[in-house]
Amino acid sequence: MLKIIRTKLSDGRIRDSSVPNPPLLIMVPEQYSHEAERELAENLGDGASRFAEVLTFTRLASRVFVECGGLNLPAPDKPAKILIMRLAYGAVAERLKVYGGQNAKTEFLIKLLEIREEFVTCKITPDSLWDTAELSVGTLKDKLYDLAMICGAYDAELSRRYEDSRDKLTRLAELIGSSAIGDRGIMRFEGFSDFTKQQLDIISELLKKGADLAFVLATEPASETDYDDEILSIPRATERALAEIAGRFGVDVEYENPEENSNTEVEYSLYSAADIASECEMAASLVTKWLSEDETLSPTDIAVVAPGFSGAYEAVCGSVFGKRGVPFYLSRKDDILQKAVMTLVTEAFGILSGGWRYEQIFRYVKTNLTGVEYADELENYVLVWNIKGVRRWSEPWQMNPRGYIAESEYTDADIARLERVETSRKSVAEPLIRLRERGKAAKSAKEQAFALYQYLDEIALADRLEKKAESFILCGEEKLAAEYAQLWEVVITALETVFDVLGDTPMEQEEFGKLFTLLLAQYDLGTIPAALNRVRLGDLESVRETPASRLIIMGASDTAMPDSEPSRSLLSADERKALAGAGLEIEGDFETNLRREYYLIGRVLAKPREALAAMYLSGERISWLVKAVLGDTEETEITVKPGAAVRRNPDAVRVSPASVTELYGEWLTLTASRVEDFNSCKFMYFMKFGMKAKARKTAELDAPEFGTLVHYVLENVTREVNELGGFAVVEQNKIKSLAGAYVSRYAEERIRKSVQTGRFLYLFERLRDSVINMTAYIAEELANSNFVPSDFEREVKDVQFGGVTISGVIDRVDALNLGDTLYLRVADYKTGSKKFALSEVYYGLGMQMLIYLFALTGGDVKPAGVHYTPARDVLMSMPRGSSDEAIEKKRRSALKGSGIILDELLRESEVKAASLEQMGKLAKLVEIRLGEVGEAIRSGNAEPDPFTLKASRDPCEYCDYGSVCGLIRNPEDKRKLATLSDAEFWAACGD
């Protein structure tokens with residue numbers, strides 16, 4: 001007997017506890033077997049297994065093979081099938097018309113295997129492809145010839161390796177009639193919308209032998225608003241096909257219609273959002289609201305889904321839900337290639353073929369399976385010296401881990417760190433180099449497999465995994481321990497598969513690496529993640545056959561529901577239609593797939609019993625399927641600001657008094673530059689000087705290194721010129737000669753010969769002229785000044801000023817004696833474009849030189865002012881044909897210094913003038929600002945509060961801590977500081 005149980009679209013299963021005519025076999029799709037078993041236990045109690053059992057077609061095949069023979073016949077798994085397809089393709093590649101010249105690319109092999117599996121499922125043989133090709137024309141004719149040859153060669157290779165090469169379901173259809181399956185009890189099929197031709201053959205054999213079969217099909221709409229023809233066309237076609245098969249064998253068909261739906265009315269809501277982040281924020285808010293309003297509601301009753309969830313939505317949604325504290329789990333399979341063991345193997349091949357790039361090497365190292373003990377130091381070193389390429393990884397490293405450091409400045413810590421880094425280099429490079437050498441010597445697939453095994457044995461991977469598994473067990477992480485054991489077995493199984501299937505097939509190492517990575521990706525892990533009392537996040541398929549009281553669908557646009565992307569199969573939609581017209585129907589054609597998706601979407605939309613919320617991007621159109629269900633539901637525009645969930649609460653960014661003491665010490669000592677850093681952004685100061693978090697820097701002649709070179713040359717040239725009588729006496733040629741000599745001495749003293757590569761020497765020589773020219777300009781300025789350089793790299797140590805202790809180093813101090821009074825001017829060499837501005841000083845910025853000036857002066861020593869001395873060369877835009885005099889005039893103008901000086905000492909109009917009274921006001925303001933900084937640091941204030949003063953003043957632009965700050969880099973989120981004119985500044989200073 002054949003019974004068809006019609007259910008509502010929202011149901012699709014019988015959930016009562018009646019079990020007529022036991023034993024009951026419940027047939028479900030492969031992906032729903034776990035859910036079906038759980039439901040069976042819930043509905044029928046602990047004793048359910050005595051009279052009912054959940055089976056899939058794969059499990060049914062095993063049951064029949066146990067009874068009728070064939071269970072122990074070896075069958076290829078998916079990785080083995082890929083390798084067999086590679087052999088098959090290679091055997092006929094030269095005779096192919098369309099698919100030739102693919103060089104057996106792994107992606108192409110996957111497509112060939114997929115189309116071959118389609119043919120098997122639809123009972124299309126190579127001979128039928130060949131016959132249809134004879135009747136076809138154009139490209140389709142050539143494609144069918146190619147596919148017939150490839151599939152024929154595949155079948156031949158399969159037969160040579162396996163005693164029975166028939167597909168498992170084909171064998172099942174041939175044997176099930178002689179088995180005991182269906183002789184007693186009822187077989188009930190649940191969760192299916194349609195069946196393949198192979199599965200229909202199995203059902204036919206069961207009906208032929210008189211088995212009692214029941215099919216639960218969702219052929220009735222959930223409500224009057226459903227579009228029956230589109231959404232229900234697949235299950236209704238299945239119902240007709242089953243009735244036709246029953247009629248063929250004279251089997252009676254009984255129909256059972258669904259009961260009236262007693263569910264409460266579903267609450268619908270519709271939202272539009274500017275972006276995916278806003279959708280996820282709103283989804284998290286809704287879940288939080290639902291859980292807080294209904295104490296009986298469990299997180300397991302809620303699902304949040306989106307078409308293509310694993311693409312654009314997964315990372316954003318997981319992050320938002322995690323930050324909101326919403327318990328969730330991702331309903332998906334873990335990507336096996338993301339596991340540490342797989343990453344180790346795949347990145348090893350990537351390193352050998354990809355130029356030993358930084359990203360590849362440290363994905364490899366950070367698996368923690370290579371034996372590298374000091375991975376962080378190794379990574380810092382590689383970044384500092386920009387190391388890449390097999391040659392540099394093969395040679396011993398001798399450069400200082402801190403960068404361009406003078407030989408005389410090497411510390412014991414530098415030497416010890418260099419030794420550790422060199423040991424780590426060997427641990428990484430030497431096994432990989434030997435793998436490369438063995439791979440070059442290997443000529444066949446099995447030799448490449450053995451070379452890889454030798455490498456895995458050399459790094460003692462099995463022992464490392466065993467120790468990790470033991471440590472996981474001790475920590476109570478049994479799942480991870482079991483996973484690590486499985487991963488090792490996967491690698492070994494893949495190696496054995498290559499060895500057995502490909503054997504002596506010629507293969508280079510690069511091709512082997514790609515093929516082996518592809519094989520690893522085909523394996524599944526057998527662990528089930530704990531997911532109790534959590535909100536489900538996933539794609540639409542994840543809730544098709546699972547209950548959900550409340551459902552949120554994101555990305556519900558007409559381009560995604562249904563998916564408008566074209567099929568990527570080897571056969572186009574038109575070619576599939578042509579095949580159907582010739583009698584070769586392929587079930588995966590575009591129209592059938594579209595109807596299947598209509599059904600899936602309809603099932604999902606009908607799933608929630610209490611609430612359904614749909615969201616889509618405001619720049620798109622809502623899916624017509626969603627609109628049909630929601631009807632006239634009013635749309636709400638989501639106003640959640642992107643990133644709102646991750647923006648910091650300033651009140652929470654506060655360091656405890658005990659931590660302040662531990663981070664900064666009992667006595668607060670500041671440098672002038674630290675004061676500016678704090679006033680620029682308190683969080684940046686906390687990270688830089690409290691946590692001492694340092695950004696990784698490359699050892700290059702960049703701005704910081706160039707600044708060090710300039711300071712070195714200017715200090716030494718100025719000192720020597722003073723010994724010769726001063727800048728007013730020494731000629732420019734002599735000064736330039738001294739500058740060039742000190743540039744050379746800098747390279748000799750500070751940079752090891754081992755790092756003075758050709759490229760380095762070329763770049764360094766380019767800097768020589770710039771440094772010499774800058775020295776000459778500064779010398780000319782000093783020659784025309786009343787001030788005389790009196791001190792260089794002047795140390796200021798433990799000076800009490802403004803309630804804090806000031807320490808630091810001043811580039812240069814200039815002196816001027818007038819009678820009994822000594823005037824001091826503090827000079828700072830600026831390799832950037834920094835200009836002195838009173839407006840910045842008012843806000844506690846740009847005070848470095850003023851702090852040092854007032855810390856040095858007092859009594860008979862008067863503050864003369866500060867001077868920013870440009871220590872850079874400039875590139876200028878000039879009209880074609882400009883004279884040397886015009887160019888030089890503009891250059892001098894661009895290199896003018898800036899600062900402030902007592903008006904009675906003023907000689908340069910570009911420098912600001914201040915009276916003695918105003919200089920006193922400046923000192924008082926600096927003292928006040930220092931006191932404010934000291935108090936704020938001691939209070940533990942670490943708020944991210946950057947400012948905007950001018951377009952050129954944005955501390956976030958080059959901040960090293962933006963990735964951990966959490967502040968959106970938007971002018972609206974920053975302190976807005978008004979630019980003050982000089983008059984406004986002096987007025988604001990008051991008395």
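**Helices, cores and backbone**

Biologist: Which way do H10 and H23 lie to each other?
Modeller: Helices here are DSSP runs of H or I with at least four residues, while strands are runs of E with at least two, and both are numbered from the N terminus. H10 (residues 233-248) and H23 (residues 590-605) pack at an angle of about 110°, with their axes 8 Å apart, where axes are lines fitted to C-alpha atoms over the stretch in contact and angles run from 0 to 180 degrees between N-to-C directions. Under 35 degrees counts as roughly parallel, over 145 as roughly antiparallel, 65 to 115 as roughly perpendicular and the rest as oblique, and therefore H10 and H23 are roughly perpendicular.

Biologist: Which residues of H23 make the contact?
Modeller: Contact means that heavy atoms come within 4.5 Å of each other. On the H10 side it is made by Ser233, Ile234 and Pro235, and on the H23 side by Thr592, Arg595, Arg596 and Tyr599.

Biologist: What is left out of the side-chain values?
Modeller: This is a predicted model, in which local features need pLDDT of at least 70 and side-chain atom pairs count only at pLDDT 80 or more, whereas totals for chains, interfaces and linings use all residues. Residues are numbered from 1 along each chain as its sequence is written, and side-chain values use heavy atoms, leaving out hydrogens and water.

Biologist: Which residues have the most contacts inside the largest nonpolar core?
Modeller: A nonpolar core is a set of buried Ala, Val, Leu, Ile, Met, Phe, Trp, Tyr and Cys residues joined through side-chain atoms within 4.5 Å, and buried means under 20% relative accessible area, exposed over 50% and partly exposed in between, with a 1.4 Å probe and protein chains only. Buried residues make up 49% of the 991 residues in the protein chain. The largest core has 103 residues, and those with the most contacts inside it are Trp393, Tyr455 and Phe516.

Biologist: Against which helices do the buried residues of H15 pack?
Modeller: H15 spans residues 375-384, and its buried residues are Ala375, Leu378, Glu379, Tyr381, Val382 and Val384. Those residues pack against H14 (358-365), H16 (390-394) and H17 (412-441).

Biologist: What is the phi of aspartate 798?
Modeller: Aspartate 798 is found in strand S15 (residues 788-801) and is partly exposed, with a relative accessible area of 48%. Although aspartate 798 is not a glycine, its phi is positive, at about 50°.

Biologist: What separation do the C-alpha atoms of tyrosine 823 and proline 863 have?
Modeller: Tyrosine 823 has its place in strand S17 (residues 821-830) and, at 11% relative accessibility, counts as buried. Leaving aside neighbours within four places in sequence, tyrosine 823 is in contact with residues including Phe787, Lys862 and Ala864. Proline 863 is 40 residues away along the chain, yet the two C-alpha atoms are separated by 5.8 Å.
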